Amino acid sequence: PRHPDLKVTYNWMPKERMAKVTVRQTQNVDDNVLLYQFPTKLRFTVNGATVDHEIEVREVESDFYVALDAQPSMVRFDPDYTVLADVTFDKSGKLIKAQIENQADMVGRLLACQLLADRKTHESVAMLEKALGEDTFYGVRVSAARSLAKHESDEAFKVLENNWKNQSDARVRLAVVETIVNRYSEHTPTLIDEILRVEKNPAIQAAAIKGLGRFHGDESRKQILKFLGADSFRNELAVAAVAAIRQQNDSSYAAPLLEVLKHREESFSSRDFGRGLESLAHVSQLRDDKDDVREFLATYVNHPKSPVRIAAFGALGTLGDPKSI
């Protein structure tokens, strides 16, 4: 049952010219979850050469001493990613910098990005910015973008804002856009407007549209209504507009949303149409006259597709007026 939780620490012993690596199992041990025993390895980079050292973890806390010719520039635990475990390996900035720049170790670069997410310093932002702009693997660039967002600083978000246009891989652009449009800032609506004007990928446009749900105002409303009626692959743009409408929770959206659901049902998947019904009920709760919404929702309680029926009943409950109940 379960899996090991491991806390790994490293120290260099200069007089002995030895690396000390301590592996501690931190999971709660009881009658169901015992101590784990497993083989893995430590990997050191010394003067540009790789030194692997096989180990076996058996105890609550195990110390491993490895003699090396010089202080290593990189230290990796389980470098081949063979142990199913949650591993915490806190390292110095110098070791992380070497790891995130090592193009021969993709997993190591991903793990370095994750470590930097919790180190909210200028040096961490600089390392993540370089990874976002230069790493050869899109997954590392995505991880760098998400780690920058976790910094929640003006410096980090400036890096993200300056990078979304420069990413040729749509997967990376999507990750960057998702982070910057979800930040509540007076500058964000202007940025969303720019993304919607420049970006051609509908999935990325949809992420920007969802971001509009955080911002009330005439311009946001105009954009949401525009995309509510837009045609796109899998109706992604309209679905995103529905999500933004639900987040704004403004009853003035009830009428246009009702019209779209009435006349464009076939363009939605069953799941997305059901979400549209639920969003319609959600924004209509505060209306004085709910008859048109209730009557529309009631037409779907015997729909042939069960996701739509379930959503219709849920929406009637959300609407909450006596006739709906």
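Four strands form an open sheet of mixed pairing in the order β5-β2-β1-β7, where strands are DSSP runs (E, at least two residues) and helices are DSSP runs (H or I, at least four residues), both numbered from the N terminus. Two strands count as paired if DSSP finds at least two bridges between them. The edge strands are β5 and β7, each of which pairs on one side only. From one strand to the next, the twist averages 20°, with axes taken as lines fitted to C-alpha atoms (for helices over the stretch in contact) and angles running from 0 to 180 degrees between N-to-C directions. The model is a predicted one, in which local features need pLDDT of at least 70 and side-chain atom pairs count only at pLDDT 80 or more, while totals for chains, interfaces and linings use all residues. Residues are numbered from 1 along each chain as its sequence is written, and side-chain values use heavy atoms, with hydrogens and water left out.

Strands of a sheet pair through backbone hydrogen bonds, either parallel or antiparallel. Strand β1 (residues 5-13) and strand β2 (residues 18-25) are antiparallel and share 8 bridges; W12 has A19 in β2 as its bridge partner. The hairpin of β1 and β2 has 4 residues between the strands, and R17 in this hairpin takes a positive phi near 50°. An antiparallel pairing over 7 bridges also links β2 and β5, with V21 opposite F64 in β5. By contrast, β1 and β7 run parallel and are joined by 4 bridges; here D5 stands opposite D86 in β7.

Most residues other than glycine have a negative phi. Y81, which is not a glycine, has a positive phi of about 60° and is located in the loop between β6 (74-77) and β7 (86-89). Likewise, N235 has a positive phi near 60°, and its place is in the loop between α9 (218-228) and α10 (236-248). Burial was assigned from relative accessible area (buried under 20%, exposed over 50%, partly exposed in between; 1.4 Å probe, protein chains only). Y81 counts as exposed because its relative accessibility is 56%, whereas N235 is buried because its relative accessible area is 2%.

V60 is found in the loop between β4 (49-57) and β5 (61-67), and V60 is classed as partly exposed because its relative accessible area is 35%.
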